[in-house]
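Here's a quick walk through one protein model, written for someone who likes to know the cut-offs behind each term. Have a look at the sequence and the structure first.

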Amino acid sequence: MKKTVTALTGMLVAGALALPITVNAQAPKAPPTATPPAATAPAPAAPAAPVTVTPEARAAIKELIETMKMRENMAKAFQLMGQNLPLQMAQAMNAQIENNASLSQEQKQKVRAGMNQPFENAVKEAQAIINDPKNVDESIERMYPIYAKYYTADEVRQITAFYKTPVGAKTLSVTPQLINESMQAGFSIFQPRVNAVMEKTIKKEVDAVTQASTPAKAPAKAPAKK
């Protein structure tokens, strides 16, 4: 039971990463009034002004990007994303089929049965999109206004100077591992608790099914009086 629950937990976590989350929030309704006041539509929010990246800031950010090896790290991240893509796509597409209310269970099975080759084609197409080198170039280019929004050119140069020191270089080297181990530590906290919830839920359903299929025993007859 515990192995099954642990496997289910892993699937749920991966599925949560693959599927979009939609939140439908409804504001509480105001009580009706006899003479409702005239309502005016709120003015649309003005779009944020684009950040201007000066030549000085661009040069400073470019040096930081090179010092932090962002291009190489981003390329590795996209490559890893492509490797994990088949499992995530399989879970996401399976969920879309299962949640399609217009299909019967028989139709869902037929859709799944015919998905082998189309799924492989879809994975190849998606991986080609992720592995396109232009993704890294475009992502790097979008970093310039983001950094310029939060840092001055002088602050960027100070950050770069830190990363060029021995402790700064070490920070760049060990940060991915630090993040990974921190995530594992956090996962180890809630995983047993999630497993307990799932075990309780599964056990309740299993007990209900097994008890329903077990024939009730006839009450024992009292011994006849002499």
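## Ground rules

This is a predicted model, so to speak of local features a pLDDT of at least 70 is needed, side-chain atom pairs count only at pLDDT 80 or more, and totals for chains, interfaces and linings use all residues. Residues are numbered from 1 along each chain as its sequence is written, and side-chain values use heavy atoms, with hydrogens and water left out.

## Overall make-up

The protein chain has 8 helices and 0 strands. Reading from the N terminus, the order of elements is α-α-α-α-α-α-α-α. Helices here are DSSP runs (H or I, at least four residues), strands are E runs of at least two, and both are numbered from the N terminus.

Of the 226 residues in the protein chain, 17% are buried. Buried means under 20% relative accessible area, exposed means over 50%, and partly exposed is in between (1.4 Å probe, protein chains only). The accessible surface of the chain comes to about 18100 Å², and carbon and sulfur atoms own 62% of that. Those areas come from the Shrake-Rupley method with a 1.4 Å probe; for residues, only the protein chains shown count as cover.

Now for contacts, meaning heavy atoms within 4.5 Å. Among contacts in the protein chain with a separation of 6 or more, 83% are between residues 24 or more positions apart.

## How α3 and α5 pack

Helix α3 (residues 70-98) packs against helix α5 (residues 116-130) at an angle of about 145 degrees, and their axes are 10 Å apart. On the α3 side, the contact is made by F78, M81, G82, L85, P86, M89, A90 and M93, while α5 brings in F119, A122, V123, A126, Q127 and I130. The axes are lines fitted to C-alpha atoms, for helices over the stretch in contact, and angles run from 0 to 180 degrees between N-to-C directions.

Which hand does the crossing of α3 and α5 have? The crossing is right-handed. For the convention, a crossing is right-handed if the near helix is turned clockwise from the far one by less than a right angle, and left-handed if anticlockwise.

## Salt bridges

Side chains of opposite charge can pair when their charged atoms come close. The structure holds 9 salt bridges, each being a side-chain nitrogen of Lys or Arg within 4 Å of a carboxyl oxygen of Asp or Glu. One of them joins E141 and R58, with the closest N and O atoms 3.1 Å apart. E141 sits in helix α6 and R58 in helix α2 (residues 55-67), so this pair ties together parts that are 83 residues apart in sequence. Both ends are partly exposed: E141 has 40% relative accessibility and R58 has 33%.

K62 and E66 meet at 2.6 Å, N to O, and both lie in α2, 4 residues apart, about one turn of the helix. K62 is partly exposed at 41%. K203 and D207 meet at 2.8 Å, N to O; they are separated by about one helical turn because they are 4 residues apart in helix α8 (residues 166-213). K203 is partly exposed at 48%, and so is D207 at 25%.

There's also a network of salt bridges linking E98, K108 and R112. K108 is found in helix α4 (residues 105-113). Is K108 buried or exposed? K108 counts as buried because its relative accessible area is 6%. Not counting residues up to four places away in sequence, K108 touches I97, E98, N100 and L103.

T160 is buried, with a relative accessible area of 2%. Leaving out residues up to four places away in sequence, T160 touches A60, E63, L64 and T67.

A161 is partly exposed at 43%. A161 and E63 are 98 residues apart in sequence, while their C-alpha atoms are 9.9 Å apart in space.

## A nonpolar surface patch

I146, Y150 and Y151 form a nonpolar patch on the surface, with about 350 Å² of accessible area together. Patches are made of residues with over 30% relative accessible area and no salt bridge; nonpolar side chains (Val, Leu, Ile, Met, Phe, Trp, Tyr) are joined within 5 Å, and like charges within 9 Å. I146 lies in helix α6 (residues 134-150) and counts as partly exposed, at 49% relative accessibility.
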